[in-house]
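Please examine the sequence and the structure shown below. The paragraphs that follow lead through selected strands, a surface patch and the salt bridges.

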Amino acid sequence: MLIKPIKQIRQNITVPGDKSISHRAIMLSSIAEGESKIHNFLMGDDCLNTIECFRKMQVPIKTTENKIKIKGAGLKGLKKPDEILDVGNSGTTIRLMCGILAGQDFDCEITGDRSIQNRPMDRIISPLKQMGSIIEGTERSGYAPLKIQKSKLTAIDYNMPVASAQVKSAILLAGIYADGTTSIHEIQRSRDHTERMLNYMGANIKQDGLSIFSDPIDKLYAREIYVPGDISSASFFLVLGTIAKDAEIAIKDIGLNPTRTGIIDVLKQMGADIKILNERILNGEPTGDIHVTNSDLRGVEIGGDIIPRLIDEIPVLAVAATFAKGTTTIRDAEELKIKESDRIAAIASELKKIGADIEETEDGMIIHGKDILQGGIVESYNDHRIAMALTIAGLVSKEGVIINNPDCVTVSFPNFFDILDRMIKDEN
Ligand code: S3P
């Protein structure tokens, strides 16, 4: 796909629903009692795979446009699937679902695409085994495909070795089925959508600093859920609005959960002109509108506790840093190596190809800002966030970029290129 340099942007846009919240809405509504309605659901490949997994366990899920109706099966009401559950490319689906499957009264198997089969599953296997689950990789220890056998679960007190919302959520979901209070201690605060949605549906999860405590429950109650726009999807336009000449972009109804807003904090620290308007709470999740205007950026140091709050935005942050005055250093981001692709290697090598001064390090990257990015041919590594970050780079480059394998954007942002097309048509 050819991405030509863009001239001027003055746009009001919306982006699709939050991926993390959409997954959790399907999962929790499927094991709740009663009918849940989900609005502004993200119809991206990852979330559609979550729906398919629950349909294979006989949960009736009706979809129309971006609305969903689910008749909950109850905590133990899922039915043994006839075939292996397939999560496609979705790490959130496989890791969170293992927590739910560990509590069911049947044996089953779950797997995903090549990327999923090479991502570490030990991080959930180990705590789930401590809870009494019988869970193993069927081909390779610690990797999908995974087999989960019927077992009785007990609560644990768990010190998390990595800052990961997927691991924390798998334990919290298994904890629903365990006897006793589950305690989890994080090393850094990760996104807390599971805790918020469980409480919204009747659970009793308490947070004390970096510790989370979850009591056993009898049932979850079906609710109406409004999914806010995905801040991770909005971040491509936040960066575009900051670095493109004469840009002004307003993005409505975005999730502003403080465990996700690291991108806004860092862009502001770099000198970005970003305003938050119309803040409110939607089913337990802070939400608001974001307004961004083009401004000059300066390099910053990014590391430590902020990393989990912007982990998925680092590829596009690297694009912003390319246009900042001075040097930007990103540290403590080794988790990026085990995402849909090795995102440190991918973004560093592709931005370098089009003229950026960027160097890969053990746990991040060092970027020396420049005035222009030349352009050229780049690869997406079949990773949605790499494809979209490179698209933003192309729009502000001198000659444009050609992106190989851009279709993977459907994983989290199916209409990404349509929004850009509209921007370009409106302005040129
Ligand atoms: C997610 C958690 C993060 C994030 C992923 C979605 C979630 O992963 O990178 O895109 O929905 O819980 P980790 O938990 O592995 O950090």
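**Strands, surface and salt bridges**

E136 has a relative accessibility of 38% and therefore counts as partly exposed, a class that lies between buried (under 20% relative accessible area) and exposed (over 50%), with a 1.4 Å probe and protein chains only. The model is predicted, so that local features need pLDDT of at least 70 and side-chain atom pairs count only at pLDDT 80 or more, whereas totals for chains, interfaces and linings use all residues. Residues are numbered from 1 along each chain as its sequence is written, and side-chain values use heavy atoms, with hydrogens and water left out.

E136 joins K129 in a salt bridge, with 2.7 Å between the closest N and O atoms; the term denotes a side-chain nitrogen of Lys or Arg within 4 Å of a carboxyl oxygen of Asp or Glu. K129 is likewise partly exposed, because its relative accessibility is 38%. The structure holds 26 salt bridges. Another of them connects the side chains of D192 and R196, at 3.0 Å from N to O. Here D192 is buried, with a relative accessible area of 5%, while R196 is partly exposed at 24%.

A further salt bridge is formed by D265 and R309, whose closest N and O atoms are 2.8 Å apart. This pair links distant parts of the chain, 44 residues apart: D265 belongs to helix α9 (residues 262-269), and R309 to the loop between β18 (301-302) and α10 (314-322). D265 is partly exposed, with a relative accessible area of 35%. Salt bridges also link R119, R191, D312, E340, R343 and D383 in a network.

The strands can be considered next. Helices (H or I, at least four residues) and strands (E, at least two) are DSSP runs, numbered from the N terminus, and two strands pair if DSSP finds at least two bridges between them. Strands of a sheet pair through backbone hydrogen bonds, either parallel or antiparallel.

An open sheet with mixed pairing consists of four strands in the order β2-β15-β17-β16. Because β2 (10-13) and β16 (273-282) stand at the edges with a single partner strand each, one side of each is left without a neighbour in the sheet. On average, neighbouring strands of this sheet are turned by 15° against each other, direction ignored; the axes are lines fitted to C-alpha atoms, for helices over the stretch in contact, and angles run from 0 to 180 degrees between N-to-C directions. The antiparallel strands β16 and β17 (residues 285-293) are joined by eight bridges, and I281 stands opposite P286 in β17.

Strand β5 (residues 67-71) has a covered face with I68 and I70 and an uncovered face with K67, K69 and K71. Four bridges pair β5 with β3 (residues 35-39) in the antiparallel sense, and K71 in β5 is the bridge partner of E35. Strand β4 (residues 61-64) also pairs with β5 in the antiparallel sense over four bridges, where I70 is the bridge partner of I61. The hairpin of β4 and β5 has two residues between the strands, and E65 takes a positive phi near 45° there.

On the surface, L2, I377 and I402 form a nonpolar patch with about 280 Å² of accessible area together. Patches are made of residues with over 30% relative accessible area and no salt bridge, like charges being joined within 9 Å and nonpolar side chains (Val, Leu, Ile, Met, Phe, Trp, Tyr) within 5 Å. Accessible areas come from the Shrake-Rupley method with a 1.4 Å probe, and for residues only the protein chains shown count as cover. I377 lies in strand β22 (residues 376-379) and counts as exposed, because its relative accessibility is 54%.
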